Amino acid sequence: MYANYKYFLDAVIPTCERYDVKLAVHPDDPAFDLFGWPRVVSSKEGIQRVLDLNPSPYNGLCLCLGSFSSRRGNDPVAAVKTFMDRIHFSHVRNIRFTDEAGSFYEVGHRASEGDVDTIGIMKAYAEADYQGYIRPDHGRHLWSENTEAGRPRPGYGLYDRALGIQYLLGCWDSFRYTK
Ligand SMILES: [Mn+2]
């Protein structure tokens with residue numbers, strides 16, 4: 001898969017550079033083995049290997065800290081600091097493990113609600129004056145928010161993503177704001 005990945009990158013990166021299109025790979029979701037499928041972007045080592053396949057800054061990351069953190073032992077704050085220069089987009093969200101095997105579910109964005117240090121992540125971005133894009137990624141299904149068809153809207157509900165954005169901005173401001 002890495003060989004195929006390099007073949008793809010080497011073919012498209014020159015065009016990306018010419019037209020200023022930044023590629024951004026999302027980590028495996030979840031970042032551990034499922035049904036024996038190979039994993040490519042599941043650890044710091046895997047990310048480094050993908051970035052090294054083509055050294056152009058246009059070969060970058062959509063660093064999803066929810067997915068990345070789903071692998072036991074992965075340190076999301078360290079990953080942000082290590083790969084800062086290649087992160088074009090970041091998904092900042094929280095998960096809580098439910099067993100030692102790595103089962104988890106998605107929780108609200110507050111650091112205290114789960115196992116991901118969302119405050120430490122935003123501190124790392126703020127201290128580096130990160131200029132890329134961040135989104136809260138997923139949101140819980142809150143207040144019976146439904147689609148126009150009347151069905152529940154799990155995963156991408158507006159209400160909890162709005163709450164998540166404000167939490168992340170609050171973290172950012174607490175590290176960046178000066179009056
Ligand atoms: Mn994501």
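Of the 36 residues in the largest nonpolar core, I47, L61, L63, V80, I121 and Y125 touch the most other members. A nonpolar core here is a set of buried Ala, Val, Leu, Ile, Met, Phe, Trp, Tyr and Cys residues joined through side-chain atoms within 4.5 Å. Keep in mind that this is a predicted model, where local features need pLDDT of at least 70 and side-chain atom pairs count only at pLDDT 80 or more, while totals for chains, interfaces and linings use all residues. Residues are numbered from 1 along each chain as its sequence is written, and side-chain values use heavy atoms, leaving out hydrogens and water.

- In general, nonpolar side chains in soluble globular proteins tend to be buried together.

**The metal site**
- H26 (NE2), C64 (SG), H91 (ND1) and D137 (OD) coordinate the manganese ion at 2.3 to 2.6 Å.
- C64 sits in strand β2 and H91 in strand β3 (residues 87-91), so this pair ties together parts that are 27 residues apart in sequence.
- C64 is buried at 0% relative accessibility; buried means under 20% relative accessible area, exposed over 50%, and partly exposed in between (1.4 Å probe, protein chains only).

**The cysteines**
- There are 0 disulfides in the structure, a disulfide being a pair of cysteine sulfur atoms within 2.5 Å.
- The sulfur of C62 lies 6.8 Å from its closest cysteine sulfur, in C64, which is too far for a bond.

Methods:
Donors = N, O, S within 2.8 Å, 3.2 Å for Na, K, Ca; no water. Helix = DSSP H or I, 4+ residues; strand = E, 2+ residues; numbered from the N terminus.
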